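Student: Could you show me how to read a few features of a protein model? I'd like the general idea and then the real case.

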Amino acid sequence: MARWKPDKKIGKHELIGRRLFDEPMLIGYSEEQSFEGLDLRNFEEKRDDETSLDRLGRTGVEKGVKNYLLRRAIAASENFKPKRTFNGWFTVAAHFIEGEQINGKAISLIASPIIDEDLKENIYHAHVVKPDETDSIVMALYLRHLFTKYGKAHPVNNDNKLTLNTFTSKFLIVKNFINKINPFKSR
Amino acid sequence: MYSPTADEVASIQIKTPIDWNSKIRKPGVTERYKRLIMRSKKDLSDTKLENDVYKLSMVIPEWLKSIQESINKSVYTVANLEQDDERSINQEVADAASDFFLKTADLLPSEPHIYRSKKGDLVSEYKTNTGNLTIIISPSFVILFAIVNGDPVERKITKLNVVRMEVEEFLGSLATG
């Protein structure tokens, strides 16, 4: 079956994912206090006002799309200095993001395919634009909230030959925890 | 006819140090002690405002010291400044974070989990009875962000001289929903 060719417009029920990489600890911190939640840095953008996302399927994660994106996510993880581990995606249906507001200003979800060579290409790329006068860290806080409230984790597994670290195991704990407490799962 | 005073016939008496054995003291001695005690009471109200006298002292949580140490150990050194691996913070952020925790530690709901944001600020995460609380600390502002009944609540504090009052008010509003 041919891989899905995404439309220019993002469908309401499309599954939108944010890539999750392991994040470093402070050099002087021994993590005495664990935190069962998503790391805010997974929703921060360092470079600009647009937060990158992947379109993982029309109504759910599509296998062909996932494989296409996985190779690119792993390549991206190796571009970090030092290298990081790609742990999977946290996904949410598009309609939970589109039209959501931050302090009265709506978030826009836009399809933005990247046309490039090899693994730099990403025809499933999308992004949200930070509303004017909103701090980038506040944008990250709101996005994390939306993904946590309405979303679901899609961790990558050993079949993908990724290095699993302690973050991944924590990630699974978080997934189970969120599934348990999230009253919106049935929506 | 001799009529005993109420003081002499009372079955129960509340004695102060001045009253104790006062009958066998010389009047001058008693007066001298009375003056001393009165003066010491007077000193208290002369040197302290009423609000200061009745103000509750801050109970410092046990975790404060270790968090302060973690922050201080995470300040950039010459070696890790050149290649930023996002594991260190600059001195201004460390100072702001130490000051914040010193002023508010007793108000915070639990020991924080801390890390550095991508832009260099300090992120601290807490568990509360109603959900998670996140506090972002930078040299010029503090952001408080919490989820109440499923909805986000946010406050940005730029006047850091009133940070304690703002945190207390914000956390109070979370408790009452």
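Student: Which residues touch the most other members of the largest nonpolar core?

Tutor: The general idea comes first. In soluble globular proteins, nonpolar side chains tend to be buried together. In this predicted model, the largest nonpolar core has 61 residues, and B:Ala97, B:Ile137 and B:Val142 touch the most other members. Helix H2 of chain A (residues 136-150) gives the most to this core, namely eight residues.

Student: What does B:Ile137 touch?

Tutor: Leaving out residues up to four places away in sequence, its contacts include B:Ala96, B:Ala97, B:Phe100 and B:Val142.

Student: And how do I read two packed helices?

Tutor: Two packed helices are described by the angle between their axes and the distance between the axes. Take helix H6 (residues 91-104) and helix H7 (residues 163-176), both of chain B: they pack at an angle of about 60°, with axes 9 Å apart. That angle makes H6(B) oblique to H7(B), and their crossing is right-handed.

Student: Which residues make that contact?

Tutor: H6(B) brings B:Phe100, B:Lys103 and B:Thr104, while H7(B) brings B:Val163, B:Arg164 and B:Val167. By class, that's three nonpolar, one polar and two charged.

Student: How many residues does each chain put into the contact between A and B?

Tutor: Chain B puts in 30 residues and chain A puts in 24 residues. On the chain B side, the elements giving two or more residues include helix H4 (63-73) and strand E1 (113-116). That side has nine nonpolar, 10 polar and 11 charged residues.

Technical notes
Residues are numbered from 1 along each chain as its sequence is written. Chains are lettered from A and ligands numbered from 1 in the order in which they are written. This is a predicted model: local features need pLDDT of at least 70, side-chain atom pairs count only at pLDDT 80 or more; totals for chains, interfaces and linings use all residues. Two residues are in contact if their C-beta atoms, placed from the backbone, lie within 7 Å. Helices (H or I, at least four residues) and strands (E, at least two) are DSSP runs, numbered from the N terminus. Ala, Val, Leu, Ile, Met, Phe, Trp, Tyr, Cys and Pro count as nonpolar, Asp, Glu, Lys and Arg as charged, and the others, Gly among them, as polar. Axes are lines fitted to C-alpha atoms, for helices over the stretch in contact, and angles run from 0 to 180 degrees between N-to-C directions. Angles under 35 degrees count as roughly parallel, over 145 as roughly antiparallel, 65 to 115 as roughly perpendicular and the rest as oblique. A crossing is left-handed if the near helix is turned anticlockwise from the far one by less than a right angle, and right-handed if clockwise. A nonpolar core is a set of buried Ala, Val, Leu, Ile, Met, Phe, Trp, Tyr and Cys residues joined through C-beta atoms within 7 Å. A residue is buried if 20 or more other C-beta atoms lie within 10 Å of its own, exposed if 12 or fewer, and partly exposed in between; C-beta atoms are placed from the backbone.
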